[in-house]
Every structure is written in C-alpha cells, then in structure tokens.
Amino acid sequence: MKELFSDVLANAQFSEGSGWKRYRQNAGKTIIQKGEQGNTLFLLEEGVVRVLGGAELDGNRRISPGLCDLEAGAVFGDVCLYEFRERTASVVSLTDVCLLEVRSDMLSIYLDDHPVQGYLFLKALFQAMSNRLGLANDRIEHLLAWGIKAHDIDKYL
C-alpha cells in the first residue's frame with residue numbers, strides 16, 4: 001500500500017494540507033476511538049499500532065482485546081473510505097509513530113480522476129482487507145474450538 005500512496009502523494013492535485021496531513025504520535029496514544037464518526041483513513045509510515053475491539057461482558061464489564069498489530073506500510077480506518085461513518089475499532093500506538101491521515105473525499109476524487117492508479121489502489125486495499133478478514137475468521141474459529149473444548153461441549157457433537 002505504501003508504494004501506491006507514494007504515487008498519490010506525489011501528485012499536485014492531492015497536496016498536503018488539502019488531501020492529507022502527516023503527524024507524529026507518541027507511544028500509548030489513541031489514534032482512533034471505536035464508535036466515533038470518521039471520514040479519514042490512515043497510512044502508518046513508521047512504528048507499530050494495535051487495533052482493539054471492544055465488548056461488554058455481563059452488562060457491567062468491558063474488555064478491549066487486541067485484534068491485531070499493524071506495522072509500517074499498513075492502512076487502517078479504511079471502512080471510512082467512501083462515507084462518513086462510525087469507527088469499528090480503536091487504534092492505539094504501541095511505539096512512537098508517523099502517520100498520514102488521508103481525507104477520503106479527496107482520495108476518492110483523485111482515484112476517479114486517475115482510474116489506473118485508482119484500480120491498483122483499490123485492488124491493494126481489497127487484498128489487505130481480505131487478508132484481515134481471513135485472519136479474523138481464523139481467530140474466531142480457534143476461539144470457538146477452544147470454547148467447545150473448555151466447556152466439554154464436544155462430547156455432545
């Protein structure tokens with residue numbers, strides 16, 4: 001993804017300040033909060049972040065399991081690519097990070113005006129999202145198998 005973004009960022013039509021901004025964040029800081037509204041996506045240039053879910057247990061306890069860690073070159077916040085919507089997870093910095101925050105509306109205009117780069121960008125984004133979905137499915141499968149074994153349910157199957 002980082003290579004595809006470099007083509008986009010080099011274009012004068014998609015300039016820093018109007019289409020995107022670069023900033024640094026210290027370790028331990030929240031970058032995205034689950035549930036807040038957003039219309040940007042992020043490219044992680046340097047550092048490591050953790051994507052956190054959030055669930056309520058028995059009405060009064062909350063847990064925030066780490067869903068995955070992302071390293072330099074990763075994109076996150078991509079569910080907000082084509083619409084202003086609610087963030088589906090929180091993201092916190094595990095190390096000091098350098099991020100590009102990209103306005104989805106400006107990226108969409110650029111991709112529409114540059115269909116070849118747009119196709120390649122969306123193809124790479126689809127592959128990244130597909131890989132994440134595969135990892136999530138594997139994790140769910142392992143958790144279900146663990147739960148079945150831990151509660152001795154498998155003898156009834």
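**Exercise 1.** Work out the volume of the largest pocket and which elements line it.

*Solution.* The largest pocket comes out at about 730 Å³. Here a pocket is an open set of points on a 1 Å grid where a 1.4 Å probe fits, with protein on both sides within 12 Å along at least five of seven lines; lining residues have an atom within 4 Å of a point. The volume is the space filled by probe spheres set on the points. Next, the lining: of its 21 residues, Val51, Leu67, Cys68, Arg132 and Ala136 are the closest to the centre. Strand 8 (66-71) and helix 3 are the elements giving two or more residues, and helix 3 gives the most, with eight. Helices (H or I, at least four residues) and strands (E, at least two) are DSSP runs numbered from the N terminus.

A quick note on the model: it's predicted, so local features need pLDDT of at least 70 and side-chain atom pairs 80 or more, while totals for chains, interfaces and linings use all residues. Residues count from 1 along each chain as its sequence is written, and side-chain values use heavy atoms, without hydrogens or water.

**Exercise 2.** Find the strand order in the open sheet and say which strands stand at the edges.

*Solution.* Start with the order, 1-12-4-9, with antiparallel pairing (a pair needs at least two DSSP bridges). Strand 1 (20-25) and strand 9 (75-76) each have a single partner strand, so one side of each lacks a neighbour in the sheet. Now look inside: strand 4 (residues 40-46) and strand 12 (residues 97-103) share six bridges, and Leu41 sits opposite Val102.
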